[in-house]
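I opened my notebook to get to know a structure that is new to me. Here is what I looked up, entry by entry.

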Amino acid sequence: MRIYPLFCLLVSVVFLTSCTSPSPSRQANSPQETPSQQVVVDKNFKRVAGQTIYVPVYSHIYHDDGKKTFNLAATLSIRNTDLANPIIITFVRYYDTNGKLVRQYLEQPIQIDALVSTDFVIDTTDTSGGSGAKFLVEWIAQTEVSEPIIEAVMIGSGYHQGISFISPGKVIKNKS
């Protein structure tokens with residue numbers, strides 16, 4: 001029965017050629033491409049709502065004896081939950097364990113339209129923030145809006161195991 005091995009080979013070839021290759025990954029530390037647009041916030045801008053949000057991020061966690069580290073990728077997710085109105089993100093700043101500014105992500109404020117999301121990624125190999133890294137995010141709006149959801153998602157895999165968890169943002173300053 002030589003037909004059985006040939007059949008298995010044919011099925012394997014068809015299966016493997018039908019798989020799609022993953023899309024190329026975005027460059028680390030760049031915002032997701034969204035319909036968001038850069039905006040100018042000048043003296044005529046009437047701010048009605050806004051907040052500064054502190055978001056804990058972990059570039060690594062300790063394991064075993066507390067001396068070994070497990071590196072993690074982190075994604076800062078900013079989601080406009082308002083059904084009709086945009087919000088404006090005025091800054092996204094990444095700080096290390098010691099409170100030192102590591103990176104500032106926006107050169108100008110960006111608008112995030114109703115129900116639109118954007119994100120910023122810290123690559124697994126980027127440990128510049130340390131275990132106590134954090135983002136500060138400021139958003140403002142010209143009308144009353146539903147508060148956005150701003151959180152970090154950490155994920156890592158290795159040693160035949162994986163870990164993932166979220167870290168919600170905390171309002172540290174209201175702007176109205």
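**A charge and a ring**

I began with Arg93, whose charged end sits over the ring of Phe91, 3.8 Å from the ring centre. A charge sits over a ring if NZ of Lys or CZ of Arg is within 6 Å of the ring centre and within 35 degrees of the ring normal.

**Ground rules**

I noted that this is a predicted model, where local features need pLDDT of at least 70, side-chain atom pairs count only at pLDDT 80 or more, and totals for chains, interfaces and linings use all residues. Residues are numbered from 1 along each chain as its sequence is written, and side-chain values use heavy atoms, with hydrogens and water left out.

**Overall layout**

I found one helix and 13 strands in the protein; these are DSSP runs, numbered from the N terminus, with helices (H or I) of at least four residues and strands (E) of at least two. Of the 176 residues, 35% are buried, meaning under 20% relative accessible area with a 1.4 Å probe, protein chains only.

**The open sheet**

Which strands form the open sheet, and in what order? I read S9-S5-S11-S12, with antiparallel pairing. Strands S9 (117–122) and S12 (161–168) stand at the edges with a single partner strand each, so one side of each has no neighbour in the sheet. S5 (residues 73–79) pairs with S9 over six bridges; two strands pair if DSSP finds at least two bridges between them. Here I saw Arg79 opposite Ser117 in S9.

**A hairpin**

Next I looked at S3 (residues 60–63) and S4 (residues 68–71), antiparallel strands joined by four bridges. His60 stands opposite Asn71 in S4. The hairpin has four residues between its strands, and Asp64 takes a positive phi near 55°.

**Aromatic pairs**

How many aromatic pairs does a search of the whole structure find? I counted four, where rings of Phe, Tyr and Trp (its six-membered ring) pair if their centres lie within 6.5 Å. The ring centres of Tyr105 and Phe135 are 5.8 Å apart and their planes are at 45°, so this pair is tilted; planes under 30 degrees apart count as stacked, over 60 as edge-to-face and the rest as tilted. Tyr105 lies in the loop between S7 (101–104) and S8 (110–112) and Phe135 in S10 (residues 134–141), so the pair ties together parts 30 residues apart in sequence. Tyr105 is buried at a relative accessible area of 12%, and Phe135 is buried at 0%. Ring pairs link Tyr94, Tyr105, Phe120 and Phe135 into a cluster.

Key: Buried means under 20% relative accessible area, exposed over 50%, partly exposed in between (1.4 Å probe, protein chains only).
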